Amino acid sequence: MRAIPVHEAVGTVLGHDITRIVPGESKGTAFRKGHVITREDIPGLLTVGKEHIYVFDLQQGFVHEDDAAVRLATAAAGRGIELSDPREGKVTLRALAPGLLRIDVERLTRLNAIRDMVFATLHSNQRVEKGQPVAGTRVVPLVIEDEKLCRAELVLEDGPIVEVLPFRAARVGMVTTGNEVFSGRVKDGFGPVVRRKFEELGSKVFRQAVVNDEIGMCVGAIRELLAEGADMIVVTGGMSVDPDDQTPASIREAGGRVITYGAPVLPGAMFMLAMIGEVPVLGLPGCVMYHKASIFDLVVPRLLAGQSVGARDIAAMGHGGLCLGCPECRHPACPFGKGA
C-alpha cells in the first residue's frame, strides 16, 4: 500500500475501511476496504476528512480480488454452469439445469495448492438441481499477484474442472420378475417406485413387462424391449441368492456382458450391471423399492449423463457406500456415495 492524494486515487483500490461519523446521529462505514475509487467518490472522501488515503496500486502487477475471482471462475467453469457477479471477492458457480456434477478432483487439488487460491466444490458425481450452488472461488488477499493467477490459469488450460452434464431423456424398459407378482397374489411394488425415480431424472419407463421366474420368459421380455428401442432396461426382483431367483442368469442368457454382479454399497449389494450392445441392463435389488437412497441413485444418474460405469467405478463406491439410514433421509446432502 502507499499513501496518495485523494485527487490522484481514481482507479486505485482502497486499502482500509473509512468511517463516517455524524455527531449525535450515526457512525458507520462510508467506504469499505477493497472499494475501487471512482471520480464520484472524491467529494465524499474529502467530506470525511480524507485528503490522503492508503491504496493498493494495481498498475504494479496486482489484480483486485473481484477480478481475480471472475478470472478463476471463468477458466474453471464448463458445461451447465453459470457464474454469479463477484461479491466481496467471491464468485459462486451454479447449475444451469438439472444434471450430474463432475469435478476434476486432481486438477482441483493442484489449483488449491497454489498459494492464496481458494476453490471449493460439492462432491463429484452427484445429481444437482437447477440453480443449486456447486462451487465457489475467491483469492485470500484483497489483491493478488497477476503471476499467481497466470499459474492457476495454466492448471485450467486443459479444460474446465467443474461442469454439470445434462441427463438424456431415456426410454426405459422394465421387466418385473416373480411368480407371486405374475400370478397376481402380490401387488407389484417396484413399478411405481422405479417409474417415479426415472421421471425425476427426466426419463420415462415406456413399458413394464411382468414375468414369472422362468429364465426363458424373462429373456424374451428383455429382447422384446430391446426390439422396441429401449435405451436402458431394468430388471426388478430375483436378485438374491435364492435358487429360484434367476434374474442374473436371465440377463446373461439375453446376451448381457456383465460389468459387475455385486456392489460394495449398502443398500444395494445385490446389484448387477451388464451391457447388451450399447444398452445398459440393470438388475435392481429389492432395496431400491424400500430405500430413498440406494445403488440406483449412484449409478443411474451417471449412465443418464452419458458416463461409462466400469467395474473399477463400482469398486470405488465402497468408500462412502454405507448409508447411515437416517430417520429423515437427506440424500444427496449426506455422505452416501460421496467417496467415488
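Visitor: Leaving aside neighbours within four places in sequence, which residues is Leu 282 in contact with?

Guide: Contact means heavy atoms within 4.5 Å. By that rule Leu 282 is in contact with Met 232, Ile 233, Val 234, Val 235, Ile 251, Phe 271, Met 272, Leu 273, Val 300 and Leu 303. This is a predicted model in which local features need pLDDT of at least 70 and side-chain atom pairs count only at pLDDT 80 or more, while totals for chains, interfaces and linings use all residues. Residues are numbered from 1 along each chain as its sequence is written, and side-chain values use heavy atoms, with hydrogens and water left out.

Visitor: How many residues does the largest nonpolar core have, and which of them have the most contacts inside it?

Guide: In soluble globular proteins, nonpolar side chains tend to be buried together. A nonpolar core is a set of buried Ala, Val, Leu, Ile, Met, Phe, Trp, Tyr and Cys residues joined through side-chain atoms within 4.5 Å. Buried means under 20% relative accessible area, exposed over 50%, and partly exposed in between (1.4 Å probe, protein chains only). Here the largest core has 36 residues, and Phe 198, Phe 271 and Leu 282 have the most contacts inside it. Elements giving two or more residues to this core include β15 (171–177), α6 (190–200) and β17 (232–236). The largest share, seven residues, comes from α10. Helices (H or I, at least four residues) and strands (E, at least two) are DSSP runs, numbered from the N terminus. A second, separate core has 29 residues, among them Leu 72, Val 91, Phe 119 and Val 128.

Visitor: In what order do the six strands of the open sheet lie, and which stand at its edges?

Guide: Strands of a sheet pair through backbone hydrogen bonds, either parallel or antiparallel. Two strands pair if DSSP finds at least two bridges between them. The order here is β16-β15-β17-β20-β19-β18, with mixed pairing. β16 (204–211) and β18 (257–261) are at the edges, each with a single partner strand, so one side of each has no neighbour in the sheet. From one strand to the next the twist averages 20 degrees. β17 and β20 run parallel and are joined by four bridges; Ile 233 stands opposite Val 281 in β20. α10 packs on this sheet, touching β17, β19 and β20, and its direction makes about 170 degrees with that of β20.

Visitor: At what angle do α3 and α4 pack, and how far apart are their axes?

Guide: Two packed helices are described by the angle between their axes and the distance between the axes. Axes are lines fitted to C-alpha atoms, for helices over the stretch in contact, and angles run from 0 to 180 degrees between N-to-C directions. α3 and α4 (residues 146–156) pack at about 170 degrees, with axes 10 Å apart. Angles under 35 degrees count as roughly parallel, over 145 as roughly antiparallel, 65 to 115 as roughly perpendicular and the rest as oblique. The two helices, α3 and α4, are therefore roughly antiparallel. Arg 107, Arg 110 and Leu 111 of α3 make the contact with Ala 152, Val 155 and Leu 156 of α4.

Visitor: Is Arg 107 buried or exposed?

Guide: Arg 107, in helix α3 (residues 105–112), counts as buried because its relative accessibility is 7%. Its side chain makes a polar contact with the side chain of Asp 104 (2.9 Å). A polar contact is a pair of N or O atoms within 3.5 Å; within protein, one must be able to donate a hydrogen and the other to accept it, and residues adjacent in sequence count only if both atoms are side-chain atoms.
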